[in-house]
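Visitor: Hi, I'm new to this one. Could you walk me through it?
Guide: Happy to. Let's have it in view and take things one at a time.

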Amino acid sequence: MTEYRITLLAGDGIGPEIMAVAVEVLQVIGRQFDLQFEFQSALLGGAAIEATGEPLPAATIDTCKASDAVLLAAIGAPQYDTLPRHLRPETGLLGIRSALQLFANLRPAKILPQLIDASSLKREVVEGVDIMVVRELTGGIYFGQPKGIFATESGEKRGVNTMAYTELEIDRIGRLAFETARKRTKKLCSVDKANVLDVSQLWRDRITALAAEYPDVELSHMYVDNAAMQLVRNPRQFDTIVTGNLFGDILSDEAAMLTGSIGMLPSASVGAGKPGLFEPVHGSAPDIAGQDKANPIAQVLSAAMMLKYGLNQPAASDRIEQAVMQVLNDGKRTGDIMSEGMTAVGCQAMGAAIVQALG
Ligand code: IPM
Ligand code: MG
C-alpha cells in the first residue's frame with residue numbers, strides 16, 4: 001500500500017462541488033490500485049479571506065509544502081474584485097504557485113471525438129487537435145517589479161507592471177518544454193513578441209540556443225498575435241507550445257475552447273521538486289455555483305494528472321481518463337458540453353457516473 005498526503009484547496013464558487021467529485025473518484029481509484037490517500041483541506045482565495053482575512057494564510061503554505069501533491073479547484077468571486085490587490089483571491093493563487101516554485105504549467109488541449117460538435121469551430125478545423133501549452137508560471141509580467149499604481153508629478157495616476165525574464169527563468173521552462181515535446185511529436189513552437197519586446201528577444205535567443213541540446217526536436221518561433229490567429233485558423237499545426245506567463249494565460253484559454261468547453265481541461269503545475277499543484281484551467285464560475293450545474297470533468301482529469309505527473313501512478317491516471325471517456329460515450333453531458341440527443345446531467349450525477357464507470 002502506497003500512502004500519499006494530498007492537500008485539497010477547494011477555494012470558491014463551484015470549487016467545493018467539483019472537488020467533492022474528484023475526492024470521491026480518488027477514493028475509489030485508491031481502493032482499486034492499493035493507494036492510500038490522506039486528504040487534508042486548506043484555505044485559499046475567498047474562502048481563506050472569509051476565515052482569516054487573507055487569501056493565502058501561512059498555514060496553507062505549510063500544509064501544501066508538507067504534502068506529496070496539491071489538488072486545487074478554483075478561486076475568486078465578484079465580491080472580492082474591489083479589495084486591495086494584496087487581499088484578492090487571485091493574489092493567493094499566484095502566491096501559492098510562487099511559494100511552491102511551480103515555474104511550469106502544463107495545459108493540454110485535446111479534442112475528444114465525442115465532443116467535436118460542442119466546439120464553436122468547424123469539425124474539419126478541430127478534428128485531431130492535440131496541443132500541449134507549456135506556460136511559464138512564476139515570472140514575467142505577473143511577478144515583475146516595479147508594479148503598482150503610482151502618482152505622477154502632475155498628480156495623475158500611472159499603473160505599472162513589468163515584464164521581465166532572466167536567462168535562468170527562460171532556460172528552465174525552455175528545457176522542460178523541449179523535454180515535453182520530445183515525449184510527444186517532437187515539435188515545439190515558442191511564442192513571444194520579439195518584434196516589439198526586449199524581454200521577448202532574450203526569450204527567443206535563449207530558446208534558440210537551447211535547441212542545440214535537442215536536435216531531435218523541431219523548433220519554430222511565432223509572434224503571439226499570429227499564434228492567437230493560427231490557433232483558430234489551423235490548430236493542428238501545433239503540438240507543444242512554450243510561452244511566458246501572460247501569453248500562456250491567454251493562449252491556453254483559447255486552446256481550451258477549441259476542444260468545446262473549458263470545463264473539460266485539467267492542468268499540472270510543476271517545479272524543481274515536490275509537490276506539484278493540479279488544477280482545472282477554468283475559473284470558479286460564481287454564476288452557476290451551488291446549483292449542481294458545474295462540469296466536474298476538468299477537476300477529475302486534474303486528479304488524473306496529479307496521479308500521472310505528481311505521484312507517478314500512470315495506470316491509475318489512465319483508468320480515470322478511461323472512465324471519463326466511457327461516461328461521454330454513454331452520452332452524459334453537463335450543460336457546457338450539451339448537444340442534441342445527449343443526456344443532460346448535473347455535477348453530482350456526472351460524478352456518480354464516473355465513479356460507476358470506474359467499476
Ligand atoms: C489561470 C487563471 C489565473 C491566472 C488567475 C485566476 C489568477 O486565469 O490559472 O489561468 O491568470 O493565472
Ligand atoms: Mg487564465
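Visitor: Let me just pick a residue. Which strand is F150 found in?
Guide: F150 sits in strand β6, which covers residues 144–151. Before we go on, please keep in mind that this is a predicted model.

Visitor: Noted. What does F150 touch, leaving aside its neighbours within four places in sequence?
Guide: With those set aside, F150 is in contact with E156, K157, R158 and V160.

Visitor: And is F150 buried, exposed or something in between?
Guide: F150 counts as partly exposed, because its relative accessibility is 40% and that class runs between 20% and 50%.

Visitor: How far is F150 from M338 in space?
Guide: From C-alpha to C-alpha the two are 47 Å apart, and in sequence F150 and M338 are 188 residues apart.

Visitor: Let's switch to the ligand. Which residues are around ligand 1?
Guide: Around ligand 1 you'll find E90, L93, R97, R107, R135, Y142 and D249.

Visitor: How much of ligand 1 does the protein bury?
Guide: The protein buries 77% of the 320 Å² that ligand 1 exposes when taken alone.

Visitor: Now a helix, please. Which residues of α3 are buried?
Guide: In α3, residues 58–65, the buried ones are T60, I61 and C64. They are on the same side of the helix, because they cover an arc of only 100° around its axis.

Visitor: What do those buried residues pack against?
Guide: The buried residues of α3 pack against β1 (2–11), β3 (69–74) and α4 (89–99).

Visitor: And which exposed residues are on the face turned away?
Guide: That face of α3 carries A58, A59 and D62.

Visitor: How about α8, which of its residues are buried?
Guide: V224, A227, Q230 and L231 are buried in α8, a helix of residues 224–233. Seen down the axis, the buried residues of α8 fall within an arc of 110°, so they line one face.

Visitor: What covers them?
Guide: The cover for the buried residues of α8 includes the strands β5 (130–136), β8 (187–192), β9 (218–223) and β10 (240–243), along with helix α9 (245–258).

Visitor: Next up, S200. Where is it placed?
Guide: S200 is in helix α7, residues 198–210. S200 counts as buried because its relative accessibility is 4%, and the cut-off for buried is under 20%.

Visitor: What does the side chain of S200 reach at 3.0 Å?
Guide: At that distance, the S200 side chain reaches the backbone nitrogen of K193. Not counting residues up to four places away in sequence, S200 touches D192, K193, A194 and F247.

Visitor: Changing topic again: how many disulfides does the structure hold?
Guide: It holds zero disulfides.

Visitor: Are C189 and C347 buried or exposed?
Guide: C189 is buried, with a relative accessible area of 5%. C347 counts as buried too, at 1% relative accessibility.

Visitor: Last one: which helix does E24 lie in?
Guide: E24 lies in α1, residues 15–33, and is partly exposed, with a relative accessible area of 40%.

Definitions and conventions
Residues numbered from 1 in each chain as written. Chains lettered and ligands numbered in written order. Predicted model: local features only at pLDDT ≥ 70, side-chain atom pairs only at ≥ 80, totals over all residues. Heavy atoms only, no water. Buried < 20%, exposed > 50% of the residue type's maximum accessible area, 1.4 Å probe, protein only. Helix = DSSP H or I, 4+ residues; strand = E, 2+ residues; numbered from the N terminus. Arc of directions from axis to C-beta. Contact = heavy atoms within 4.5 Å. Near = heavy atom within 4 Å. Areas by Shrake-Rupley, 256 points an atom, 1.4 Å probe, with all protein chains shown as cover. Polar contact = N/O pair within 3.5 Å; in protein donor to acceptor, adjacent residues only side chain to side chain. Disulfide = S-S within 2.5 Å.
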